[in-house]
Amino acid sequence: RQIGGDYLFARMVEIPGRAAPVFDAVLIDVTGHGISAALTVNRLHGEIQRELGEKPDLSPGELLKGLNAYLHHTLASHSVYATAVCVRIDPAASTIEWASAGHPPAFLCTADGRMDRLESTAFILGVTGAADYDADQQSTRFMPGDSIVVYTDGAIEARDRNGRQIRVDGLQRMLAGMPRGSDRVGMILEAVDRHRAGPVEDDTLIVEIG
């Protein structure tokens with residue numbers, strides 16, 4: 001609904017050898033704003049579709065490596081880069097796999113009230129060539145009732161009238177104070193709006209998957 005550089009791709013897909021469909025999600029934040037960033041998002045959307053069309057079972061780490069190679073060869077020469085996090089949730093195996101390219105840490109909110117950070121695992125997209133890029137895919141348990149919150153930096157870099165940002169720790173405190181079953185995304189967006197002084201300076205995209 002808006003022109004900008006934040007983008008979410010999501011799908012359910014059946015993969016041979018897996019007991020049930022898995023859920024894949026990719027959250028991307030492109031450098032820059034407005035029409036130029038939106039055009040880059042459009043190109044990355046096409047590249048994601050091509051990669052997954054050719055290899056539907058592509059893992060989060062492999063997809064991240066492919067996106068890095070694409071950006072490095074096509075857009076890095078124009079100083080266009082991106083952060084991204086690729087996630088795969090396998091409900092049958094109760095696992096979540098992820099690879100993150102310089103993206104702010106996601107939060108794994110467990111049904112028993114624990115909150116874990118899923119940190120970045122690799123360089124931002126486009127900075128280095130494929131030979132030097134290690135996506136370093138990670139995995140952990142993802143049980144019934146768990147959810148993951150992913151977001152772009154607009155959610156943590158909003159400034160108040162004194163120039164203070166929310167930052168990752170501030171967002172984590174917000175989440176920790178929210179009851180289970182609440183509209184975490186809506187509550188975070190409202191808190192960001194209350195914190196921000198002045199006009200919006202960056203796109204903000206927040207997603208909860210559970």
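**Note on the strands and their pairing**

1. Strand β4 (residues 95–101) pairs with β7 in the antiparallel sense, over 4 bridges. Two strands count as paired if DSSP finds at least two bridges between them. Strands themselves are DSSP runs (E, at least two residues), numbered from the N terminus. Within this pair, Glu 97 stands opposite Ser 139 in β7.

2. The model is predicted: local features need pLDDT of at least 70, side-chain atom pairs count only at pLDDT 80 or more, and totals for chains, interfaces and linings use all residues. Residues are numbered from 1 along each chain as its sequence is written, and side-chain values use heavy atoms, with hydrogens and water left out.

3. β4 and β7 belong to an open sheet of 5 strands, in the order β1-β2-β3-β4-β7, with antiparallel pairing. At its edges are β1 (6–13) and β7 (138–141), each of which pairs on one side only. From one strand to the next, the twist averages 15 degrees; axes here are lines fitted to C-alpha atoms, and angles run from 0 to 180 degrees between N-to-C directions.

4. Strand β8 (residues 147–151) has two partners to check. Strand β5 (residues 106–109) pairs with β8 in the antiparallel sense over 3 bridges, and Cys 109 stands opposite Ser 147 of β8. Strand β9 (residues 206–209) is joined to β8 by 4 bridges, also running antiparallel; there, Val 150 has Val 207 as its bridge partner.

5. Is β8 mostly covered or mostly open? It is mostly covered, with 5 of its 5 residues buried (under 20% relative accessible area, 1.4 Å probe, protein chains only). Ser 147, Val 149 and Tyr 151 lie on one side, Ile 148 and Val 150 on the other.

Methods. Buried < 20%, exposed > 50% of the residue type's maximum accessible area, 1.4 Å probe, protein only.
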